[in-house]
Amino acid sequence: MQMGQQVEPVSQSLQMNIWKCENERHQCGKMIEHNAAIPRCRAYLRDHKNVTERKTTYLTWHRIIKNADNVKAATTYARPQNCIRDGKLVDSASSAEPYIAISYVWDTRPSFKEWEGRRVTEQALHIADRLSKHTSYALWIDAICIDQDNEPVKMVELAKMADIYRGATAVLCLVPEIDQTTSRVVEHGTGMMDLDGFRALEQAGDTHGMYMFASQGSNEVLHKLFSSRWWTRAWTFQEAVLNRATFLVGETEDTIPISDVLKISHPISRRAATQKKENLLGQLSSFWDSVYSMSDAMKVYMPLGTAMSSVWRRQSTVAHDMAYSLLGVCRLETITPDYRLPVEKVFVDLVDKASSKGDFSWLRWSHLVDRNAACEGMSMVPVPATVLATPASAITEWRSVEVPQMTVVRGGAIGVCIPHRSTGVIRWQSQLEDIKGTIDILQKLSYGPEDIWNLLFGLHVGLACDVDRAVGGSGLAQALLNLATGYIDGTFKLGDSEDDLVGDKPYTRGYGFTAYASMAAKVWRNAQLVVMRSQGGTTVVPAHSGTGQARLHRLPVESHRKTCLCLVVHDSTKFRASASGVMVENDHAGSGSWQFTRFS
């Protein structure tokens, strides 16, 4: 940032209006700061004044790059074949010249023209002309620098895509919705998050207060920023997280560091997950999951299961790109893009390659597979459409378990190799029941509310302990079950709102869990479930076509509390999975040694 023009102060009455407070008639709720209860709006006005008086603005991208010391090209990454500089195509593969990589969304109906012996989009040429007025650096723009009609060359360049963005001097993400006002609002929001008021709210777990401080009362400018098509495309996720010098840039070169945008997305995503309304700032909770997860992807590589929950909330024109756009963030670049392959083969190769590196996190999504409709080899392989259809990402982080090296693989030639450990044959299973009947069965089997919640909703919503942690409460499982069943049987209406996060009462830890109960109520609507028990544990899965004797297998995926996922396999179709779910293990029950099977 730099000292710049003074930001026009927003009147105190207008700031009071976002809390709907008049004089000392407060509707904002109270917060605890320095061991004293004060109205939220009072702390907000104080911090708002402090941020405004700083009089800081963001530098534009070209001034940031111009002011950078000793800019050199990265030499550890594969370089692009071509860049564009001074309106001409230049050879970059044999050069160490620094370049700027551009992330943008193609026009929905691109216009092409012949240029320097190749077919390029007029949109890309316009972008190059506009940005070149502000810098002498070479630019990398895919529609110009990759020969779109030379398929072999195109595949080679696509395989280097992650390195191209990692090795750039900077990455510019072109978001037309950004202007000077947007920059001012984001800069102000991040400033609010650095002061005592927001920190006190964060320490208390006050998601509504955090949201109001960071978003400045659902500022309409943020609604406009996050409505951009740029946030919806699969490739832009990777393009925005692989280089720390990444900026969002508007049409008049107004610039925002993406790290600041992701910073304010955190309290927005937390609020979206703890409210009943289907959207916040015009977007679903699943959208905010995807945006905030970008900040995690900037720090370390993403497990494939986490990347699926983020990128597969987005869209691509070509189905193959839903796999290929994950390769960089998951460090799976050894897969070479090939658009001639059947798309099912692409997804099988994706999960197989992750598994070969010990990443089994993708199995968290296998419960969504429609095994009656899945083609041969796909009974365990999740696809983007099923992930996109889920209302939000479950809050539990499922981690891969280290398994020993195995060379003996059972099964056929088609499918995915998965390690598993048998917990024994299914000794008892219930008749098909609806959700309420299933809860009754589990209670008669002496399972407590936390185990029941985990068996039914652990994969779709999150384990009970993680809901506790998310809302700052403890022991909420019984209340979650009561409310969820009330929504299901009509005792409570899903549209009813008793949201103490927003009211005029002091903030109380633990409120905000009602959203998780309403999510749970939608999971098994009209579904028939079966409880299955082996010597090693119990699971609950939806009705399936498996018949005869079955076994329950532990999968190499577990939560931080060691709750694991499991697989139901029938002897009659032992190389094709019947169902998967959460398993509650029996005390002191063992399981067999790890086996390696290719499930079709």
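Which helices each supply at least two residues of the lining of the largest cavity? In this predicted model, the contributors are α6 (151-159), α7 (161-166) and α12 (234-241). The cavity itself has a volume of about 60 Å³, and the count of cavities of 30 Å³ or more comes to two. Its lining is made up of Leu-158, Ala-159, Met-161, Ala-162, Trp-235, Gln-238, Tyr-324, Leu-327, Gly-328, Glu-333, Ile-335 and Pro-337.

The largest pocket holds about 1,100 Å³ of space. It is lined by 37 residues, and those closest to its centre are Tyr-292, Asp-296, Ala-394, Ile-395 and Thr-396. Two or more lining residues come from each of α13 (258-273), α14 (285-297), α15 (304-311), α21 (464-471) and α23 (514-521). With eight residues, α14 gives the most to this lining.

The nonpolar interior comes next. In soluble globular proteins, nonpolar side chains tend to be buried together. Here, the largest nonpolar core has 144 residues, and the members that touch the most others are Ile-102, Ile-141, Ile-144, Phe-226, Trp-230, Trp-231 and Leu-350. Take Ile-102 as an example: setting aside residues up to four places away in sequence, it touches Ile-127, Leu-131, Leu-139, Trp-140, Ile-141, Tyr-165, Leu-172 and Leu-174. There is also a second, separate core of 34 residues, with Ala-273, Ile-435, Trp-453 and Leu-456 among them.

Is Asn-82 buried or exposed? Its relative accessible area is 12%, which is under the 20% cut-off, so Asn-82 counts as buried. A polar atom of the Asn-82 side chain lies 3.3 Å from the backbone oxygen of Val-90. The side chain of Asn-82 also makes a polar contact of 3.3 Å with the side chain of Arg-118. Once neighbours within four places in sequence are left aside, Asn-82 is in contact with Leu-89, Val-90, Asp-91, Ser-92, Arg-118, Trp-140 and Cys-145.

Finally, there is a hairpin to pick out. Strands β2 (residues 30-33) and β3 (residues 36-39) run antiparallel and are joined by four bridges. Across this pairing, Met-31 stands opposite Ile-38 in β3. Two residues lie between the strands of the hairpin, and in the turn His-34 has a positive phi of about 55 degrees.

Note on methods
Residues numbered from 1 in each chain as written. Predicted model: local features only at pLDDT ≥ 70, side-chain atom pairs only at ≥ 80, totals over all residues. Heavy atoms only, no water. Pairing = 2+ DSSP bridges. Core = buried A, V, L, I, M, F, W, Y, C linked by side-chain atoms within 4.5 Å. Buried < 20%, exposed > 50% of the residue type's maximum accessible area, 1.4 Å probe, protein only. Contact = heavy atoms within 4.5 Å. Polar contact = N/O pair within 3.5 Å; in protein donor to acceptor, adjacent residues only side chain to side chain. 1 Å grid on protein atoms, 1.4 Å probe; cavity = no way out; pocket = protein on both sides within 12 Å on 5 of 7 lines; lining within 4 Å. Points joined across faces, edges and corners; volume = space filled by probe spheres on them.
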